Number of protein chains: 4
Amino acid sequence: MHKITLLIHCDDQPNIIASVTNFIASNDGNIVYIDQHVDREQNIFFMRLECEFISNTFFIENFKYAFQNKLAEVFKLKWRIYSAERKPKMALFVSKYDHCLYDILGRYNSGELFLEIPFILSNHLDLKPIADSFNIPFYHVPITKTTKEEAAQSQLKLLKKHHIDFIVLARYMQIISSTLINEYANKIINIHHSFLPAFIGAKPYHSAYKRGVKIIGATSHYITEELDAGPIIEQDVSHVSHTHSIEDLIAKGRDLEKIVLSNAIKLHATRKVMVFNNKTIIFS
Amino acid sequence: MHKITLLIHCDDQPNIIASVTNFIASNDGNIVYIDQHVDREQNIFFMRLECEFISNTFFIENFKYAFQNKLAEVFKLKWRIYSAERKPKMALFVSKYDHCLYDILGRYNSGELFLEIPFILSNHLDLKPIADSFNIPFYHVPITKTTKEEAAQSQLKLLKKHHIDFIVLARYMQIISSTLINEYANKIINIHHSFLPAFIGAKPYHSAYKRGVKIIGATSHYITEELDAGPIIEQDVSHVSHTHSIEDLIAKGRDLEKIVLSNAIKLHATRKVMVFNNKTIIFS
Amino acid sequence: MHKITLLIHCDDQPNIIASVTNFIASNDGNIVYIDQHVDREQNIFFMRLECEFISNTFFIENFKYAFQNKLAEVFKLKWRIYSAERKPKMALFVSKYDHCLYDILGRYNSGELFLEIPFILSNHLDLKPIADSFNIPFYHVPITKTTKEEAAQSQLKLLKKHHIDFIVLARYMQIISSTLINEYANKIINIHHSFLPAFIGAKPYHSAYKRGVKIIGATSHYITEELDAGPIIEQDVSHVSHTHSIEDLIAKGRDLEKIVLSNAIKLHATRKVMVFNNKTIIFS
Amino acid sequence: MHKITLLIHCDDQPNIIASVTNFIASNDGNIVYIDQHVDREQNIFFMRLECEFISNTFFIENFKYAFQNKLAEVFKLKWRIYSAERKPKMALFVSKYDHCLYDILGRYNSGELFLEIPFILSNHLDLKPIADSFNIPFYHVPITKTTKEEAAQSQLKLLKKHHIDFIVLARYMQIISSTLINEYANKIINIHHSFLPAFIGAKPYHSAYKRGVKIIGATSHYITEELDAGPIIEQDVSHVSHTHSIEDLIAKGRDLEKIVLSNAIKLHATRKVMVFNNKTIIFS
């Protein structure tokens, strides 16, 4: 069996679902999962399908060609197709904090994540021993005020060389260059240690402490040019009280960050996220 | 526009989705919502569709006839169809506790619930003034040890007379008779004041207090012959601590009960619940 | 038995706890509850005590006099004392939304709230029938652009006349005048329909929808001069998804608002809240 | 400064708080934390204090002697005292699952846990490499049907030799012998992968799946002779739906288990847990 995942969006209009499902059937495909959403404010239709085809009669390039000509052009569909066999390749960017790194690598090791990690990259050397202990290549790309663009080019070269599909910033403490953001639009996942849009920017736990909130949060989102303003993939929160010091908030927050980021990675890697107008549709 | 909701289940098999969507399209219907689930353990396929048809050319009896002959018999489908215009009729059974009753009637009054409440029934007279203040007919059907079956017949008569679609037990403190359970299979919604299957039976808050749990819960489920063992629709929980007395648990529990029951009512009334083998599929 | 609640704060210093507990004992009082907190950033000590005294030998004015002279002046304590018998008097301000009002009055009726509600006040007449059905006096104080200060004076007069201890804004849609804020500092409780400090100001559910958050919240806080920036008493959240419309967020939010506001009222009415430097200490 | 933690319980009676705090003060101690609880059902008083003494005039043995004679005998107090400097020694028992082990060792390494881990013990060799990579001694104590008591003796010998204060069963898949349970009463912490008392015993995720619950949980508790019936320290839950397979429940459950167990460890290690009549008082 050959299994594919198909993501589609277009202006909402009658008969899309029947036309698409009919097209799959007429190509001897069987739909094993279908989910759809209509954004009524913007009148946009979104759909996610998983289909199975008999391998020896299915040629993905032929299917794509026919899909584009017989459906996409008629309904003005935007679409992406993925072979379910192919694990996406994820690059991990880290700095000095190790909790998200340990968490991701632990899940990776136990087979919980459907992806490959060709390398870990950092602007510091502190976490190299962890990469080594998990036998994952580690690249050190230091960044200074004057070498930012040069560093971005080094990063880009590594990403290209390893055919990276998406990037995860596991508490990577550097601004991502526009070059990378454009090259990997909606493919760079960040974990921000607050319940966005509250406490944008640096030191959110300090701000949360100062404001006296009774709940702290963490937010995973795609990186865009505007700081901490990209499409939100996943959020979670924990209750806190006046008895918690800033250090307590940071410790509680680490647990949130780990879970929120790993959930976002899973959703992205299994192609369950669509992005439109700076918001996500999550087919989970 | 005529809008219908279609619920289908059958043995899992290829081409169901395409066949159903194609059938809708060939009847000039437009699918506005589709969701499906496959139970891989039991190999059962479930689907929920919302479709729109142009009113003056759509005759629901014709549609049903064709659906049964062209699809249901071929795929051995079990199916139900609902006109979206028709609000389901819900009977409310209560005893002496008023918190769930107030909550439901408040939501009903504000238009939050897609349903009609033809009457409230109780084995006591205590809550009649509330029914009166919301202008809803109130029937008093007292129950004694020797009048149980007689009472069940009175209840059944009222339910039939008012064309009741489903029953909600809003802390109704009586065992429901088999007569009613059979007549309204998977159509009697109960709220149990614990996180089932923990603390089945009477006085769950007392049992929770005694066991020293750190979380209490509430569970809404369909009534079956076996006590507190029917299909679960909705559950929620609250954190508690050693500082909470039994009375505190009861007070905190009231808030859980209200929300869990009203959520279950909403899911049922909008036909988002399917039941199979004592479990629910919730298309929400 | 005469029962009192004592709230104390001062600069942190040795021997406060022993001195206070010793003073209670030497006055033949028995401490039935003690809790304390030290804000290590600001070096401030906070304590809450509940004590019982034998009624026929206890005179609260004598106790206060001795406490002030023997303890408060020595340690430079700021303190408040409450007789546990005396229920605080709460004024309810509302506009047109009824869900918080229904929720509070339902709890009030069932004896869940330790307080009295001498009156409900509104700038509209819409909710008068609800006040009537619960037999609570209702005052209509309309507000126009030019009558704001005049309205504030009418409000103040009513508050004084009824010896109101604290005010609850149950979705009251008007800015509170500085006159009232100063007169009732840290005694006006608001419910804001977002997870503050996210989405300050009007239409937070619309902003939450636009930003695409995966969690919505509600916040109860004391009113200060700065909009939505007062000390936070209680917060809670609900998970949402791309499938929720703005109307869905508003409906889900109503449930949050009810619970968060009623919890804040309970904490305030039982004197479990202390405020310092725009943050709350909650002794719960 | 010498810092101690004092845990006290006794029959509830007047003047305990004042007497204890006065005793501390008369020994030149300063109370920096006090919390208390009265179990009104059983009429038992519980208190936890943290006190500071000037080191060169404080002798803990003298203090204990005086405390026993002047207070404990008068009020019939049961009490325990801990020097805050001394980190408790924790033994980790594991079998083949590594997620809790990784989680605990990660927190241990980063300084999040106030304790020492003298050794890890297992009935299998699978996790030895993890112990090695964290430089913690690993003992292999295999268990067969006929060697259970022999194995218990080996375990006990290791525990004694290393002066172990408490034991954590991080998914250790063996029944603990009565010998150990008696020797370490309320000092053996287990993580059970369900929301107890629901789904006692083996394969709780399978039972949860079968019952169709909408929430799964994890429970950390002290081991007693009765299976999964010991005092509960900490519980947490996650929402699930019909879309989750048993494998999904197990994966989601791993995250719960890690957090619930590490929270229980933190509470125990900082002496915030008291046990009475098979329930815990948590001073957090």
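How much area do chain D and chain B bury between them? In this predicted model, the answer is about 2,800 Å², with 59% of it on carbon and sulfur atoms. Three residues stand out on one side of this interface: D:R211, D:K214 and D:H242 supply 26% of the area that chain D buries against chain B, more than any other three residues. The contact itself involves 34 residues of chain D and 33 residues of chain B.

Between chain D and chain B, 16 residue pairs are in polar contact, with both partners at pLDDT 80 or more, while the count of salt bridges is 0. Several elements of chain D take part: β2 (30-39), α7 (204-211), β11 (232-239) and β13 (279-282) each give two or more residues to the side that touches chain B. Of these, β11(D) gives the most, with 7 residues. Sorted by class, the side of chain D that touches chain B has 16 nonpolar, 9 polar and 9 charged residues.

A second interface lies within a single chain. Chain A is divided into domain 1, covering residues 2-83, and domain 2, covering residues 89-282. The C-alpha centres of these two domains of chain A are 31 Å apart. Where the domains meet, 13 residues of domain 1 of chain A are in contact with 8 residues of domain 2 of chain A. Together the two domains of chain A bury about 960 Å², and 65% of that area is on carbon and sulfur atoms. Here again a trio can be picked out: A:Q42, A:F46 and A:R48 supply 44% of the area that domain 1 of chain A buries against domain 2 of chain A, more than any other three residues.

Across this domain interface of chain A, the rule finds 0 salt bridges and 3 residue pairs in polar contact, both residues of each pair being at pLDDT 80 or more. On the side of domain 1 of chain A that touches domain 2 of chain A, the strands β1 (2-11), β3 (44-53) and β4 (78-83) each supply at least two residues. That side of domain 1 of chain A has 6 nonpolar, 5 polar and 2 charged residues.

Finally, a word on confidence. Chain A averages a pLDDT of 95, and 100% of its residues score at least 70. For the complex, the predictor gives an ipTM of 0.94 and a pTM of 0.95.

Note on methods:
Residues are numbered from 1 along each chain as its sequence is written. Chains are lettered from A and ligands numbered from 1 in the order in which they are written. This is a predicted model: local features need pLDDT of at least 70, side-chain atom pairs count only at pLDDT 80 or more; totals for chains, interfaces and linings use all residues. Side-chain values use heavy atoms; hydrogens and water are left out. Domain bounds come from an automatic or database domain assignment. Contact means heavy atoms within 4.5 Å. Buried area is the accessible area (1.4 Å probe) that two parts lose on being put together, summed over both. A salt bridge is a side-chain nitrogen of Lys or Arg within 4 Å of a carboxyl oxygen of Asp or Glu. A polar contact is a pair of N or O atoms within 3.5 Å; within protein, one must be able to donate a hydrogen and the other to accept it, and residues adjacent in sequence count only if both atoms are side-chain atoms. Helices (H or I, at least four residues) and strands (E, at least two) are DSSP runs, numbered from the N terminus. Ala, Val, Leu, Ile, Met, Phe, Trp, Tyr, Cys and Pro count as nonpolar, Asp, Glu, Lys and Arg as charged, and the others, Gly among them, as polar. pLDDT is the predictor's confidence in each residue, from 0 to 100.
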